Amino acid sequence: MIELIKKLPKAELHLHIEGSLEPELMFRLAKKNDVKIPYENIEDVRKAYNFTNLQTFLDIYYAGANVLLTKDDFYDLTWEYILKCVEDNVIHTEIFFDPQTHTERGVPFEAVITGIKEALADAKEKYGITSCIIMCFLRHLSQEDAFETLEQALAFKDDIIGVGLDSSELGNPPSKFKEVFKKAKEEGFKLVAHAGEEADFSYIYEALDLLNINRIDHGVQSIKSPELMQRLKDEQMPLTVCPNSNIELKVFETYKEHNIKELLDYGLNISVNSDDPAYFKGYVNQNFINLYENLPITEDDVITLVKNSFRSAFIDDELKEAYL
Ligand code: ADE
Ligand code: ZN
């Protein structure tokens with residue numbers, strides 16, 4: 001099974017590029033940019049990665065992102081992730097970035113997007129890896145802020161395939177961003193949103209009915225509503241599930257309690273993704289391996305999960321067929 005997992009060409013649809021910042025690069029950039037980080041050494045960092053919920057992670061994740069200042073930093077960050085894709089045989093990836101985390105600190109939007117974009121262009125040239133970029137709005141900030149970010153993104157419309165919604169979920173429901181998602185759709189962006197990660201399934205209904213999203217990020221709380229499960233199945237709405245993340249953030253106490261097998265067996269369109277791999281102990285293959293070691297996941301399940309990720313990717317039908 002582990003050979004099959006490693007060997008299968010995969011797509012990744014839920015990866016925050018800031019969440020792929022490994023401690024080694026964090027230290028290197030902190031030194032180069034003269035940014036203070038609250039750690040003495042790598043061991044200290046690993047010790048700090050002990051989360052009790054989403055917010056305890058986000059506090060550390062945003063502090064880590066402070067070391068990213070220049071276009072080259074974003075290039076290096078993205079390139080290191082690409083090398084992990086090569087290792088894990090990820091041949092297509094759809095990358096989230098959080099512009100507000102950087103523009104708030106005075107880093108130009110252009111430096112962020114250009115660094116990411118240039119690394120992805122090199123990934124295509126050197127390894128044949130295809131990719132798209134999705135810009136996420138931080139949901140703990142206002143809709144007005146999100147509108148400003150959307151305005152800035154319009155100059156880079158050709159580089160950004162979609163918009164998403166991430167950060168602190170509880171208390172920041174999708175309804176808060178209804179208007180900005182409407183505008184993003186009018187501008188031709190694909191739409192995704194984190195929903196039903198920690199918050200209940202009503203957030204998934206809101207993301208579907210008020211934001212008109214094309215994919216749900218996480219969505220594991222849907223299991224609490226039989227009616228929603230039926231709808232997700234009928235619509236074959238993609239759910240980008242991130243098992244390691246759910247364990248590290250205590251959405252499920254143990255791997256054995258993770259509901260991905262139930263969701264899959266019910267017939268939902270589930271894929272496996274790494275979310276913030278530098279913080280959650282592993283990239284996409286490690287997520288599959290952990291599933292296999294803890295749940296009754298079969299080889300057919302692995303193949304279905306991988307096919308679902310290509311099926312749900314924002315790529316044209318021709319490329320999809322080539323990959324499937
Ligand atoms: N930003 C980075 N990772 C996230 C997650 N798992 N949930 C919400 N926002 C995030
Ligand atoms: Zn995420």
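Which residues does G115 touch, not counting residues up to four places away in sequence? G115 touches K71, D72, D73, F74, Y75 and T78, where contact requires C-beta atoms, placed from the backbone, to lie within 7 Å. The structure is a predicted model, in which local features need pLDDT of at least 70, side-chain atom pairs count only at pLDDT 80 or more, and totals for chains, interfaces and linings use all residues. Residues are numbered from 1 along each chain as its sequence is written, while chains are lettered from A and ligands numbered from 1 in the order in which they are written.

**Helix 7 and G115**

- G115 is part of helix 7, residues 109-127; helices (H or I, at least four residues) and strands (E, at least two) are DSSP runs numbered from the N terminus.
- G115 counts as buried because it has 24 C-beta neighbours inside 10 Å. A residue is buried with 20 or more other C-beta atoms within 10 Å of its own, exposed with 12 or fewer, and partly exposed in between, the C-beta atoms being placed from the backbone.
- The 19 residues of helix 7 should span 27 Å at 1.5 Å a residue, and its end C-alpha atoms are 27 Å apart, which agrees. The expected span is 1.5 Å times one less than the number of residues.
- The buried residues of helix 7 are V112, I113, G115, I116, K117, A119, L120 and A123.
- These buried residues pack against helix 5 (71-88), strand 2 (90-97), helix 6 and strand 3 (130-138).
- G128 follows helix 7 and has a positive phi, near 75 degrees.

**Helix 4**

- Helix 4 (residues 54-65) has 12 residues, and from its first C-alpha to its last it reaches 16 Å, close to the 16 Å expected at 1.5 Å a residue.
- Its buried residues are L54, F57, Y61, G64 and A65. Seen down the axis of helix 4, the buried residues fall within an arc of 95 degrees, so they line one face of the helix; the arc is that of the directions from the helix axis to the C-beta atoms.
- Helix 2 (23-33) and helix 6 (99-103) are among the elements that cover the buried residues of helix 4.

**Ligand 1 and D276**

- Around ligand 1 are H16, G19, L54, Y61, D166, S167, H194, E197, S245, D275 and D276, each with its C-beta atom, placed from the backbone, within 6 Å of the ligand.
- This shell divides into 2 nonpolar, 5 polar and 4 charged residues. Ala, Val, Leu, Ile, Met, Phe, Trp, Tyr, Cys and Pro count as nonpolar, Asp, Glu, Lys and Arg as charged, and the others, Gly among them, as polar.
- D276 is located in the loop between strand 8 (269-272) and helix 14 (284-294). D276 counts as buried because it has 25 C-beta neighbours inside 10 Å.
- Leaving aside neighbours within four places in sequence, D276 is in contact with H16, G19, Y61 and S245.
- In the unreviewed UniProt entry, the annotation "binding site" covers D276.

- N212 has a phi near 55 degrees, a positive value in a residue other than glycine. N212 belongs to the loop between helix 10 (202-209) and strand 6 (215-218), and is partly exposed, with 14 other C-beta atoms within 10 Å.
- H218, found in strand 6, has a positive phi of about 75 degrees although it is not a glycine. H218 counts as buried, with 27 C-beta neighbours inside 10 Å.

Key:
Contact = placed C-beta atoms within 7 Å. UniProt positions renumbered as here; feature names shortened; annotations may be inferred.
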